[in-house]
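Please open the model in your viewer and keep the sequence panel beside it. The stops below say what to select next and what is there.

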Amino acid sequence: MCASVSVFFLVRNTEKTDEVPGSAVLVFDIELVELEEGLPEGYMFIWNDDVSPDLFTEMDTDKNAEVEPSEFTDYIMRQVSEGKGRLAPGFDANRIIDNMFSNQDRDGDGKITEAEFRLKADEAPHDEL
Ligand SMILES: [Ca+2]
Ligand SMILES: [Ca+2]
């Protein structure tokens with residue numbers, strides 16, 4: 001994305017009239033090289049691609065049938081770094097991921113089981129975990 005903003009400064013007639021013409025106009029072209037795309041209201045994380053059908057299995061890297069916070073964090077951060085998912089800009093990534101985790105951890109025991117995972121996934125099948 002690229003946008004151009006022009007700012008005009010009118011230089012008024014001063015004592016140095018012989019140096020600066022009476023109505024000089026300075027034009028500044030400011031280019032926005034990067035504009036971070038926001039997320040829809042209320043979303044902290046969205047997928048750019050299709051969500052893996054084996055999300056739970058992929059997250060559970062040590063295969064103990066539970067997703068621990070570290071596995072969850074690693075997975076989300078990997079999606080973000082690979083461009084598969086996006087975290088809301090302007091927020092602390094770790095806090096977002098913490099929130100996502102506790103949201104998913106229905107009984108609050110610090111790990112997500114497959115049942116908890118599916119329960120939540122059924123409620124928000126598309127954009128949210
Ligand atoms: Ca695990
Ligand atoms: Ca749990």
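Begin by selecting Lys63, which lies in the loop between helix H1 (55-59) and S4, where helices (DSSP runs of H or I, at least four residues) and strands (runs of E, at least two) are numbered from the N terminus. This is a predicted model, in which local features need pLDDT of at least 70 and side-chain atom pairs count only at pLDDT 80 or more, while totals for chains, interfaces and linings use all residues. Residues are numbered from 1 along each chain as its sequence is written, and chains are lettered from A and ligands numbered from 1 in the order in which they are written.

The phi of Lys63 is near 55°, a positive value in a residue other than glycine. Most residues other than glycine have a negative phi. Lys63 counts as exposed because it has 7 C-beta neighbours inside 10 Å; by definition, a residue is buried if 20 or more other C-beta atoms lie within 10 Å of its own, exposed if 12 or fewer, and partly exposed in between, with C-beta atoms placed from the backbone.

Next select Ala65, which lies in the loop between H1 and S4 and has a positive phi of about 65° although it is not a glycine. Ala65 counts as exposed, because 11 C-beta neighbours lie inside 10 Å.

Step back into helix H1 and pick Thr57, which has its place there. Buried or exposed, or in between: which is Thr57? Thr57 is partly exposed, because 13 other C-beta atoms lie within 10 Å. If you draw a distance from Thr57 to Val67, C-alpha to C-alpha, the two are 8.8 Å apart in space and 10 residues apart in sequence.

Now select helix H2 (residues 69-81), whose end C-alpha atoms are 18 Å apart, in agreement with the 18 Å that its 13 residues should span at 1.5 Å a residue; the expected span is 1.5 Å times one less than the number of residues. Colour Phe72, Tyr75, Ile76 and Gln79, which are buried in H2. They are on the same side of H2 because they cover an arc of only 95° around the axis, the arc being that of the directions from the helix axis to the C-beta atoms. An α-helix has 3.6 residues a turn, so residues three or four places apart point the same way. What covers the buried residues of H2 includes strand S3 (45-47), H1, S4, strand S5 (85-87), H3 and S6, whereas the face turned away from the buried side carries the exposed residues Ser70 and Ser81. After H2 comes Gly83, with a positive phi near 75°.

Move on to Gly110, in the loop between helix H3 (93-104) and strand S6 (112-113). Gly110 touches Pro69 and Asp105, not counting residues up to four places away in sequence, a contact being two C-beta atoms, placed from the backbone, within 7 Å.

Finally, colour the chain by pLDDT, the predictor's confidence in each residue, from 0 to 100. The chain averages 80, and 67% of the residues score at least 70. Among the elements, strand S4 (residues 66-67) has the highest mean pLDDT (97) and strand S1 (residues 3-11) the lowest (47). Over residues 1-11 the pLDDT is below 50. Where pLDDT is low, the predicted coordinates should not be read in detail.
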